[in-house]
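Hi everyone, and thanks for coming.

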Amino acid sequence: MPQYIKLTLLLYILILNSTISLFKFTFYDITTNSKPTNKKVCLIIVDGLRLDAINNMPFIQNLIKNNDAKFAISVSDKPTISRAGYMRILTGAPTDISGISSNNQHIPSPVLSISDLAIKHNLKTALCGYFWIDELFPFSFHYKKTYFIRDGTTFIDAVSIVNSFKPDFLIVHPMSVDNAGHSFGGSSMQYKNTASKIDLEIYKLYKQLSKYNYDIIITSDHGHQDFGGHTKYEENTFLTPFVFISKNTNIKLTKSINQIDIAPTLCDLLGIPKTLYMTGNSLLDNQNITTIRNVHILNPNLPFEYNLNFSLFITNILLTIHLIIYFYFIRILLAKF
Ligand SMILES: [Zn+2]
């Protein structure tokens, strides 16, 4: 066999091996135990909904006033852009860990989403939203309805998905508020009116979801500056609403939560395991993940991310040793050709 073919083959096997084992059987794969809950959950990510836009959403305001919904301020870390936001909400991994920090990264997520974990535990999942979420998680939904530019039928589609498919976990992701923010600015009348329209759509979906006892979370990936856009890190871009609607789940909310707290909370609602790259805290119960974290904590006085990075460093050293041994054996094997 010519030398260059051997080398190409070797390189191919090495790359394949390193990607397959990157997250499997490593630190990333450590999870808590699952405790089935038989709950259904709908997560509504209203793209680009800044915190004060909630004042233009009378249906949600009423629920909060009547104590049928709980409210908190969701704080987003940097960067306040869509893809990074979807990642933090749907995986619970901070941007440092997931590595998805730009809207130009048209690649699948390197870490598992809540939906992947749900599928592993035999739950039905569905997505009704913009194709960017589908790009990040192409194999994470049993049923999906994605759109590219126009999203006028997002909620109508969501209602029909609920009726016909009854997923255990459903993501609904309208873009119109974000579009209005980019065109007219986050303090404009057009932006506020679009938020009101979405509020009405949420009300229609809520009526449908109530029939099947869904718990509902409404939040956003980022806000909008007064004059539109959301890359600048300021209160209008990093603060968004977090609304929790449930008839039978008791949740105690503090004034504010972090965006990465949403994923572990979803795990507890759905009764699926949390993973170690979820560095936030569940709003329901954090005991199980805290126990596992303590095993990996080197210095309890430092933030968990620090310890996580150290463990990842160790994981990478082990992977490198693994690859060197692998390389050695493959070379012996190839020499026999
Ligand atoms: Zn966005």
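I'll begin with confidence, then go on to the metal site, a strand, a helix and some aromatic rings.

Please keep in mind that this is a predicted model. The mean pLDDT of the protein is 87, and 88% of its residues reach 70 or more.

Let's turn to the zinc ion. Which protein atoms are its donors? They come from D47 (OD), S82 (OG), D221 (OD) and H222 (NE2), and they lie 2.0 to 2.3 Å from the zinc ion. Along the chain, these donors follow the spacing D-x34-S-x138-D-H. D47 sits in the loop between β1 (40-45) and α2 (58-65), and H222 in the loop between β6 (214-219) and α10 (235-238), so this pair ties together parts that are 175 residues apart in sequence. Both D47 and H222 are buried.

Why is the arrangement around the zinc ion called irregular? The four donor atoms subtend angles of 95 to 142 degrees, and to count as tetrahedral, all angles would have to lie between 85 and 135 degrees.

One of those donors, S82, also belongs to our next element, helix α3, which spans residues 82-91. This helix is mostly covered, with 10 of its 10 residues buried. Among them are S82, R83, Y86 and M87.

What does β5 pair with? With β1, the pairing is parallel over four bridges, and V41 stands opposite F169. With strand β3, residues 125-130, the pairing is also parallel, over five bridges. There, F169 is the bridge partner of T125.

Next, the aromatic rings. How many aromatic pairs does the structure hold? There are eight. Take Y143 and F165: their ring centres are 5.5 Å apart and their planes are at 35 degrees, so the pair is tilted. This pair links distant parts of the chain, with Y143 in strand β4 (residues 143-147) and F165 in helix α7 (residues 154-165), 22 residues apart. Y143 is partly exposed, with a relative accessible area of 37%. Elsewhere, ring pairs join Y130, F131, W132, Y147 and F148 into a cluster.

The charged end of R83 sits over the ring of W132, 4.8 Å from its centre. Likewise, the charged end of K124 sits over the ring of F165, 5.0 Å from its centre.

One last stop, in helix α7, where we find V159. Is V159 buried or partly exposed? At 21% relative accessibility, V159 counts as partly exposed, since buried means under 20%. V159 and K204 are 45 residues apart in sequence, and their C-alpha atoms are 8.2 Å apart in space.

Key
Residues are numbered from 1 along each chain as its sequence is written. This is a predicted model: local features need pLDDT of at least 70, side-chain atom pairs count only at pLDDT 80 or more; totals for chains, interfaces and linings use all residues. Side-chain values use heavy atoms; hydrogens and water are left out. Buried means under 20% relative accessible area, exposed over 50%, partly exposed in between (1.4 Å probe, protein chains only). Helices (H or I, at least four residues) and strands (E, at least two) are DSSP runs, numbered from the N terminus. Donors are N, O and S atoms within 2.8 Å of the metal (3.2 Å for Na, K and Ca); water is not among the atoms, so sites may look incomplete. Four donors count as tetrahedral if all angles lie between 85 and 135 degrees; four count as square planar and six as octahedral if opposite donors are over 155 degrees apart and all others between 65 and 115; anything else is irregular. Two strands pair if DSSP finds at least two bridges between them. pLDDT is the predictor's confidence in each residue, from 0 to 100. Rings of Phe, Tyr and Trp (its six-membered ring) pair if their centres lie within 6.5 Å; planes under 30 degrees apart count as stacked, over 60 as edge-to-face and the rest as tilted. A charge sits over a ring if NZ of Lys or CZ of Arg is within 6 Å of the ring centre and within 35 degrees of the ring normal.
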